[in-house]
Amino acid sequence: MIKISIDKIQGGVSLDEVKALRNDAEKANRMLHDGSGKGNDFLGWVNLPNEITPEQLAAIEACARSMASLSEVIVVIGIGGSYLGAKAVLEAMGDSFRFLHKTQDAPVVLFAGQNLSEDYLYELLDAVKPYKLGAVVISKSGTTTEPAVAFRIIKEEIEKRYGKTEAARRIVAVTDAKRGALRTLAQQEGYVTFVIPDNVGGRYSVLTPVGLLPLSAAGVNVEELVRGARDMARATAPDVPFEENPAALYAAARNALYRKGYKTEILASYDPKLQYVAEWWKQLYGESEGKEGKGIFPASVTLTADLHSMGQYIQQGERTLMETVISINKPKHELKIDSDAANLDGLNYLAGKRVSEVNLMAEMGTLLAHVDGGVPNIRIELPELTEYYLGGLLYFFEKACGISGYLLGVNPFDQPGVEAYKKNMFALLGKPGYEDQGDELRKRL
């Protein structure tokens, strides 16, 4: 499946120091499966790949086909884990220039509710005017400000176009099974609904209908995505020896480095298709580990582009960085560099080589340069970028995150710090019940 290499972390920590965390990592992995650790009410993702039934996938795919038959554009409304997983897979599996193609094999999936930009929402509404429109709204409560604002606006647009009865066919809600504003609205309006499991937090929800429904509507093979995650669940199970368990090795290596003062982890890739995988990863690790004054700060770069911007700092800046590189062995397409008679650019030494060969040598050269510069490197290899391997990668990162959080000594499944900005925002906007706090905050501003 995927291969993890940690031999290039030496210089930061020794392999013996990583192996010293074997017992703790194996214990942490068992805790994820027996529910004996912190946050055990949010462990539904651990066995999720094996619990997704053919009937559940069939229901998701049937709904996706129905939406695709009605819509040329589907707006997915959510924030955080309610959109990042789907966005990550969609960007990784889609054609980089699909919006320029005159014909589309599946609806174009756009995202809203991940920000409060008035210009973004206005321009989205303007852009979708010529197209048949549908929406998937994702929220456990239905009251999270960003997606709630976007949904109110998108819902109004769909109802204005088609009327309430037809609009109800074009809107699907992914929400709590029994309670919340969105569940109530969906029942009143007659929307098709799917459930966000109570025991799966947003950042671990990509393999629930949160991710699978919009991805299926966009033409992604979600059965292969789930199959890859299922195989990775077996490869990272508690009975897999530490040295053969990629999630345990990754969690132990990054924690060993953290204890030696490497406080920032850069996730790097040499394919721009993985940019949003990195964004998803940043939320997963930042929200899971950044608490109690602890945590590795997650950052990301897309190379080789960022070698011409962040490369200088990575090479010679403060030595508190570790780097994890996702490497794809086999590209989907083949493109060779031709010889040129004049050779004014001096590139004839590359004639006959594939672009991917040049990219790989850039990756290898950079790895050695960064290691020589004092940046420990972990390398994760995927045979190719397909739904199967991507599903495995996503589950690998989830499992490693749970193990790593327990090694760090925090609850990887809560996010108490997220509420601070919300309370201030509510007070400043004059939400009922927050009037006194609003007056105090305005004085401070």
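Me: A nonpolar core is a set of buried Ala, Val, Leu, Ile, Met, Phe, Trp, Tyr and Cys residues joined through side-chain atoms within 4.5 Å. Which residues touch the most other members of the largest one here?

Reply: In soluble globular proteins, nonpolar side chains tend to be buried together. In this predicted model, Phe396 and Phe397 touch the most other members of the largest nonpolar core, which has 99 residues. Helix H15 gives the most to this core, with 14 residues (helices, H or I, are DSSP runs of at least four residues and strands, E, of at least two, numbered from the N terminus). Apart from it lies another core of 23 residues, including Val75 and Leu133.

Me: How should I read the residue numbers and the limits of the model?

Reply: Residues are numbered from 1 along each chain as its sequence is written. Local features need pLDDT of at least 70 and side-chain atom pairs pLDDT 80 or more, while totals for chains, interfaces and linings use all residues, and side-chain values use heavy atoms, without hydrogens or water.

Me: Is Phe397 buried or exposed?

Reply: Phe397 is buried, with a relative accessible area of 0% (buried is under 20%, exposed over 50%, partly exposed in between, with a 1.4 Å probe and protein chains only). Phe396 is also buried, again at 0%. Leaving out residues up to four places away in sequence, Phe397 touches Tyr250, Leu267, Trp280, Trp281, Leu284, Tyr285, Ile326 and Ile380 (contact means heavy atoms within 4.5 Å).

Me: How many aromatic pairs does the structure hold?

Reply: Rings of Phe, Tyr and Trp (its six-membered ring) pair if their centres lie within 6.5 Å; planes under 30 degrees apart are stacked, over 60 edge-to-face, the rest tilted. The structure holds 15 such pairs. Take Tyr285 and Phe397: their ring centres are 6.3 Å apart and their planes stand at 85°, so this pair is edge-to-face. Tyr285 belongs to helix H12 (residues 275-289) and Phe397 to H15 (residues 387-408), so the pair ties together parts that are 112 residues apart in sequence. Phe396 and Phe397 form a tilted pair, 5.1 Å centre to centre with 50° between the planes. Elsewhere, Trp45, Tyr204, Tyr395, Tyr406 and Phe413 form one aromatic cluster.

Me: What is the strand order in the open sheet?

Reply: Two strands pair if DSSP finds at least two bridges between them. The open sheet of 5 strands runs E3-E2-E4-E5-E6, with parallel pairing. E3 (108-112) and E6 (192-195) are at the edges with a single partner strand each, so one side of each has no neighbour in the sheet. Strands E4 (residues 133-138) and E5 (residues 171-175) pair over 4 bridges.
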